[in-house]
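This report concerns the model shown below.

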Amino acid sequence: MTILQIAALAAVAVGGGAVVAAGDPLRQTLVLSIYGMALTMLFFVFQAPDVALSEIVVSTVGLPVMILLALRKVRQHERAQKERDEQ
Amino acid sequence: MHIVALPVVVPMIGAAILVGIRQWAPRLMNDVIAGAVALAVVTLCTILLARAIHHPFAYWMGGWRPKDSVAIGISFSIDSLGAGMATLAAVLVATALIYSWRYFDGADGLFHALMLLFMAAMAGFCLTGDLFNMLVFFELMGAVAYALTAYRIEERGPLQGAINFAISNSVGAYAIFVGIALLYARTGALNMAQIGHALDGRPADPLVIVAMSLLFIGFLTKAAAVPVHFWLADAHAVAPTPVCILFSGVMAELGLYAVARLYWTIFAGALGPHAEQLQAILVALGTVTAIWGGVMCYTQRHLKRLLAFSTISHIGVFLCGIGLLSPRGLAGVATWVAGHGFNKAALFMLVGVLLHRFGTVDEFDLHGRGREIRVVGVLFGIGGLLLSAVPGVTSFFGKSLLDSAALEAHDPWLPAVFVISSILTGGAVLRVTGRVFMGWGAAQREEDVQLAGAARESDEETTSRDHTPPLMVAVPAVLLAGSIVLGLIPGVVPGIERAAAHFQDHAAYARWVLRGQPAQFAPASTSHIETFDYLYAAGGTVGALALAALTLFGYRLVRRVPNALLGPPRTALTAFRRLHSGHIGDYIAWWTAGAAALGGASLVLLR
Amino acid sequence: MTRTTRLVLFGIAAAGFGVVLAYGLAGLPAFGDYQGVYGHVIDGIGVTERHATDLVTAINFDIRGFDTLGEEFILFGSVLGVVLILRQMRGEHDRPRQHEADEHTFAGASEALRALSLAVIPAILAIGIYIVVHGQLTPGGGFQGGVILAAGPLVVFLAGRYLRMRLVAPETLVEIGEAAGALGYALVGLSGLVLAGVFFKNFLPLGISGHLLSGGQLDVASTAVGLEVSGAFLVAFSEFLDQAIVVSGSPRS
Amino acid sequence: MTFLPYAIAAWLFLVGLYGIVSSRNLIRAILSLTVVQSATYVVLLGVGYSKGAQAPIFADIPQTSKAVDPVVQVLVLTDVVIEATVTAMLLALAVQAYKRFGSLDPQDLRAIQD
């Protein structure tokens, strides 16, 4: 096992924990993207470039866009809720 | 056989076309396309079944035949039980589409496209001979099913049900992924026949046992065995009626089909010496599920949830039957699954009629209101009797086979479990028949007979109407008739017994899949129905009727029972019901416990 | 269950499940010692019989192309699901606020950023198409390229023009493209059945290893997947965008 | 050391499950689910790796050189697609659930219970 592989594995282990531990969903989305990078790295050092390419497009474009838009919707509701409460 | 891949591809193409034209296509066009595709698939599956009865065969996608018994491509390995399940699924999709004709807005073709994809997924799942391909169809089935569950997005229940369904099943699927990885590392194969062949001849070590537990717990999540069953009641109770038909009628059973398929193709050789211990594990799991589901079923007042729990109870019975690991047990399950599929589908359709007409599915709200639609009441009562496996119908033949399989396996107490399940589920449906269609029993649940708080929510329809489209009654009537006569057709039950024996021939499967040899099977024995079976089943039906009558007319008696006697069981029951909290965190905690228990028991007992 | 009970139950269960997993995983060959037959058999076949140099693509679109059929329809079905779940209900007065929809700025995009975003669009599209069509030669293929292609119109949105994104990628057209891609992939399989007698039979000329038009159906399949994936992601993005842009009237019922 | 990838896969599976169980926000549960799924990537790719082998792409390397198992990579590709789609659908459900329930806490998402 090479040093690179060990490093990538360690990054993935820490990253997975960090995604779960992140409290605020917005911060969690950021951590998830970083975790995606760690996985991408791992796939490269595991000699799986096709998978790495898939993972990077999903974790940097696909998922964050959808998560951020979903969160934005939720925030809007919260704001609208507050406005209604204040009135 | 050139048509082998078509039951999967034709509905997929149909779905793509429906989506492509959905901005312009009128409702009628969607109905016609979807209906035509469904009928085509029914025909295709029937042709495959007719061929597979005598000559099970493998079809290699892309023409990638095995080289030196190493599978290269993906095979559809078609035998009669697999093709039979695919046919059942296709028939139920077709009837669900017909039923939804007069009833459902259809959301511009999205509903039809999703139903066709559901059909493709179920057919592929039944026919495939490749473990990973099975998982792909499992996921396709899941993805479509989550969306269909949430169809009524304006209600809360469907959203909650879909979320719990999606998360639980996804976790199950990931367990299957890990199981596949373990087996692939050991055998270097993904074709089930080849994995099984590679595992043969060596005693199973922890890796194989853990792989089996992970695969089983994943597929049992779909089947909804206790304690990974919680999502089912949430999802089946809230999905639109045409979808419930498929969920309860066939999708849950497909989870069990996978367990049986995997055991006999992959693990039977390696775990053969420990069959008795595995039997104990599966039968125990099945027994708990059968009783748990039955009790929960009986305490429901939300009719769709009641039917959902009755499905769980039957899944438990079927799991016991598979767990007996004998041809007769499996044949009993297959027979009963066919009868149950039609029966449960018809019951959901009849509840759909109530919902359509009265805008509620609450047993007490509906008290006596069904008197104006007596025909529906008669059909509902028949459905209840069929659920209790009344002598002479398809489910009765299945139950008789299960009983004798249980006695063969020296589990003389197991038939009692089957009877209890019959009494509780049949009794619940008969009680509803009496209360809704005859106006018997209490109109309000009195506080002292109350078993738990009402779970009332409106779904699907909230407006009441004064007419019912005849089609909505005709389709379930036909299905009930099918559920009665299927087992009476000469040759069907013995045919299923032969099919079950062939299904379990581990060595022959590897030969006909990997080497393409014509399958040679030892002649299988067939069973006879004894007087004992009639008496036993009659006991179940009478018990169900008595239980329903006791609840409807005897509720005043219950008041006389001193509180000291009733208190503890009531508290226990309430606590027990509270476990079904609707909280996804609870469900996943239970899932983990189930996976740990199944894996732990297997590791301890199977070595 | 209370939160504490739930966590205690999970703690005990997870400990047991962890032990089960450890037992199973301990039976695996040590990392790097794998000697499976399947992969090695395919290594031989892919290059000699399929003239493809990226074996992953050869497996994905040919040898195990049937799995990919299921996979494409998982994507297709899920996106249908997203459309179904996020569809507007009657009585939901969700309409885009005109000014917000017109010149929607996401996280305060500056003019410079907008200009830059627009400039990268051709590059994104070029990369996406390159990755789709070179699947059989180098890493990548329909899926990876498809997601990148979907990012193109998204950049238009980042550049601040929601409505213009709808212009660049009108939803009906995108949905038809998605359906056509899914249909195309199924037809690749079906044409094998009709023209060569076996479902998913790769009957097109295989070409010379390493050339763009090698591998027979691989390119066709990859293109169909690329179309489907980019369509699917665009539909999903646009559904979520619709949700995020509109300001709700009275959601709580 | 040679079992490190598998140990990490088990860790990811369990920590992801913990995330779902302990979650007070549905979106957090959904993202935790993707962590559970990433465990399957690690275990599959770990299984297919062989020491000193190249990626299974014979564009730049001679055909006889040793390559890692390409099959598991195809399985993981499918897995990644499933991750994206299931997450998309769950997010859509979460958005709708928030509209109907006014909350994303699983504690509040309970229209039906016994």
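Which elements of chain C have the lowest and the highest mean pLDDT? Helix H5 (residues 98–102) of chain C has the lowest, with a mean of 45, while H1(C) has the highest, with a mean of 95.

**Confidence**

The model is predicted, and its scores are ipTM 0.94 and pTM 0.94. Chain C has a mean pLDDT of 80, with 82% of its residues at 70 or more.

In chain A the average pLDDT is 88, and 100% of the residues score at least 70. Among the elements of chain A, the lowest mean pLDDT, 84, belongs to helix H3 (residues 49–86) of chain A, and the highest, 94, to helix H1 (residues 3–21) of chain A.

**Contact between chains C and B**

The contact involves 59 residues of chain C and 61 residues of chain B. On the side of chain C that touches chain B, the elements giving two or more residues are helix H1 (3–26), helix H2 (37–50), helix H3 (55–63), helix H4 (65–85) and helix H9 (171–196) of chain C. H4(C) supplies the largest share of this side, 14 residues. By class, this side of chain C has 37 nonpolar, 14 polar and eight charged residues.

**Domains of chain B**

Chain B is divided into domain 1 (1–129) and domain 2 (130–455 + 471–605). The centres of the two domains of chain B, taken over C-alpha atoms, are separated by 24 Å. Between them, 39 residues of domain 1 of chain B are in contact with 46 residues of domain 2 of chain B. The side of domain 1 that touches domain 2 receives two or more residues from each of strand S1 (57–60), strand S2 (75–78), helix H3 (80–100) and helix H4 (110–127) of chain B. Its largest share, 13 residues, comes from H3(B).

The table sets out the residue classes on two of the sides described.

| Domain 1 of chain B, touching domain 2 of chain B | 26 residues | 11 residues | two residues |

How values were computed. Residues numbered from 1 in each chain as written. Chains lettered and ligands numbered in written order. Predicted model: local features only at pLDDT ≥ 70, side-chain atom pairs only at ≥ 80, totals over all residues. pLDDT = per-residue confidence, 0-100. Helix = DSSP H or I, 4+ residues; strand = E, 2+ residues; numbered from the N terminus. Contact = placed C-beta atoms within 7 Å. Nonpolar A, V, L, I, M, F, W, Y, C, P; charged D, E, K, R; others polar. Domains from an automatic or database assignment.
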